[in-house]
Amino acid sequence: MKTISTTIIAFLLLISINAKATPGCNLTKTNGGGFTTTIESVVNNCNSTYTISLLVTHNGAGGPTNKELSHFSVEAIPGTYTNVSLAVITGSMTYSSYTAGPNLGVDPFQGFKFDGTNNIGDGVAGSFRVTYTIIGNLQNQRVSCKAGTDGQIVNFTVADFESVRDCNNTNCNVNPDTDGDGCNDNVDQYPNDATQCMDNYFPANGYGTVAYEDLWPAKGDFDFNDLILDYRVKVITNANNFVKEAYFTFIIKAFGAGYHNGFGFQIGSSSILNSDLTVTGYELKENYINLLSNGTEAGQSIPTIIAFDNCYKQMQFPGGGIGINTTPGAPYVTPDTVKIKIAFTQNKYTLNDINANTFNPFLIVNQNRSVEVHLPDYHPTDLANPALFGTNDDRTNPAQNKYYKTENNLPWAINVYQVIDYLIEKQDISSGYLKFAPWAESNGSLYPDWFIDNSGYIDQSKIYQNQ
Amino acid sequence: MRKFLILFFIASVMFACTKEDDMIKAPSEGKAFKELNVQSNFDWKTTRDYTITLKGYANSIVKIVSENNQTVYQSTMIKKDVDSKIKISLPAYEKSIRLKYMGQDILLPLSSINVNYIFN
């Protein structure tokens, strides 16, 4: 009588578990030899136990690499498993014994095992379900479909079991998805906002630096301090990787220039419609930039944002030296921050579409909107004057996809993945960053970390010091 | 004479063990920027652009992390059994990345600009 009631309870439990399992939530791994193991359900019983259901399937393949199953075993910490059962689902698989372990002979782990299996594998398709209860916490568990001498082991991590549990909503609400956006609260950086899930940053670990020469198309002194900007991009995506908002933060640290330069940037490609963006935060104080009503620049096929139009209106010239914060002894001015917010039409553009990592920053020379200075091989905007290409020292050649480089392929701007200290006025960048020249002339094979303050890399006497 | 030979031997071993970088200045070092001759295909960026294609066995977030575990470069949601292409710029000096997914920690060499990985 006791056996019958136990069987009935086990049967009801099995039905209960399967009723809770959603097919899309299953998690399958390949053992090999034609066998796969699927976590069908993980139910938190809310009494410090979990009921787990594994489905083992053989695809019917035969031959020397698809041998017949000799035993099936599951790793489990001794004393933490109970109520183990096996049910044949399809085919005619049999087994001769069940071993509760904990030692399992040839298996490289402890746990439980169904031994003497027949009629599954080696050309015979079939499937069976193993159900068991784990006492305490979920644990990493290996599963072996041993056939011949091959253990055919897969690893299931705690996170794997949790994933199925959470997908099927069979937890005790210890890891809820409060806003129901498909991004559980433990990973959702905005757990109460269904339109947002994750932040992504570029650079990932802090700010980067862009540095310009502003005499283009003529060569300058190559101190790369005519405009020094630190930047960081934050992109907020939802649970489906669509971009909701992007924030571009620029810190104007210095400009060793007599010109009253501006600065802007492009994002993505012409496949991003201007009308899908709403831009705020720009600081335009002159009258030479024309904007659309959404804050992007008019006359551009690729979304273009002008962050500021006159650096001298961002930071007040203190008197003394050339520009601001590049001449030793001249008064220091606190850097200015411009923060641009771009809101996107929802559920339209992904991180890959926006590609904020490869945004196209440019300097506008002395409030002349047709003169732009870009990073090497970055394209001009639609408002740049192409008649300037190839004049003076510039050797831009659109047919060769060569932009903003000299005859010797030298640039007027550089972009560094981290914040770098910049040169004092009239000091060539190679004289301060000693590994810069070897990096460039070796085609990047030497010193890709030329900007890091390693021993012997930087001559601090050439670097501007905040006094 | 014997002492001299021993000292000579020790000195030879010491110099043989000195790193080449410390002994010889890189040929371009000290050259003015204007004098540099750079190949036309040189990529001036300090990052490299990669396309990483991932396929997972469950809907979950993948974190792309530096080899030394110090920096999370990108977090993205991948869908079960669907190829997810991730365009990412990484520091040029990175030779490998880590993929954190469902409790797994996979070290993946950046052997080309197109990198593929299937989780199992």
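Asn360(A) is buried, because its relative accessible area is 8% and buried means under 20%, with exposed over 50% and partly exposed in between (1.4 Å probe, protein chains only). Asn360(A) sits in strand β19 (residues 360-364) of chain A. Strands (E, at least two residues) and helices (H or I, at least four) are DSSP runs, numbered from the N terminus. A polar atom of the Asn360(A) side chain lies 3.0 Å from the backbone oxygen of His379(A). Beyond its neighbours within four places in sequence, Asn360(A) is in contact with Gly264(A), Phe265(A), Gln266(A), His374(A), Tyr378(A) and His379(A). Contact means heavy atoms within 4.5 Å.

This is a predicted model, in which local features need pLDDT of at least 70 and side-chain atom pairs count only at pLDDT 80 or more, while totals for chains, interfaces and linings use all residues. Residues are numbered from 1 along each chain as its sequence is written, chains are lettered from A and ligands numbered from 1 in the order in which they are written, and side-chain values use heavy atoms, with hydrogens and water left out.

**Where the chains meet**

Chain A brings 63 residues into contact with 46 residues of chain B. Together the two chains bury about 4700 Å², 54% of it on carbon and sulfur atoms. Buried area here is the accessible area (1.4 Å probe) that two parts lose on being put together, summed over both.

Two salt bridges are counted between chain A and chain B. A salt bridge is a side-chain nitrogen of Lys or Arg within 4 Å of a carboxyl oxygen of Asp or Glu. Lys31(B) pairs in this way with Glu441(A), with the closest N and O atoms 2.9 Å apart. There are also 24 residue pairs in polar contact between chain A and chain B, both residues at pLDDT 80 or more. A polar contact is a pair of N or O atoms within 3.5 Å; within protein, one must be able to donate a hydrogen and the other to accept it, and residues adjacent in sequence count only if both atoms are side-chain atoms.

Several elements give two or more residues to the side of chain A that touches chain B, among them β1 (27-32), α2 (158-167) and α6 (436-441) of chain A. α6(A) gives the most, with six residues. By class, that side of chain A has 33 nonpolar, 22 polar and eight charged residues. Ala, Val, Leu, Ile, Met, Phe, Trp, Tyr, Cys and Pro count as nonpolar, Asp, Glu, Lys and Arg as charged, and the others, Gly among them, as polar.

**Salt bridges within the chains**

Over all chains, the whole structure holds 23 salt bridges.

| Pair | Closest N to O |
|---|---|
| Lys253(A) and Asp230(A) | 3.1 Å |
| Asp105(B) and Lys100(B) | 3.4 Å |

Arg142(A) in strand β9 (residues 141-147) and Glu75(A) in strand β4 (residues 69-75) of chain A are 67 residues apart. Arg142(A) is partly exposed at 26% relative accessibility, whereas Glu75(A) is buried at 18%. Lys253(A) and Asp230(A) are both buried. In chain B, Asp105(B) is partly exposed at 38%, and Lys100(B) is partly exposed at 27%. Elsewhere, Asp193(A), Lys244(A), Glu245(A) and Lys341(A) are linked in a network of salt bridges.

**Ile106(B)**

Ile106(B) belongs to strand β6 (residues 104-109) of chain B. It is buried, with a relative accessible area of 16%. Leaving aside neighbours within four places in sequence, Ile106(B) is in contact with Ile97(B), Arg98(B), Leu99(B), Tyr117(B) and Phe119(B).

**Backbone exceptions**

Most residues other than glycine have a negative phi, and most peptide bonds are trans. A cis peptide bond joins Gly101(A) to Pro102(A), with omega about 5°. Pro102(A) lies in the loop between β6 (97-99) and β7 (111-115) of chain A. Another cis peptide bond joins Trp216(A) to Pro217(A), with omega about 10°.

Asn347(A) has a positive phi, near 55°. Asn347(A) is partly exposed at 48% relative accessibility. For Asn69(B), phi is also positive, near 70°. Asn69(B) lies in the loop between β2 (60-66) and β3 (72-78) of chain B, and is partly exposed at 40% relative accessibility.
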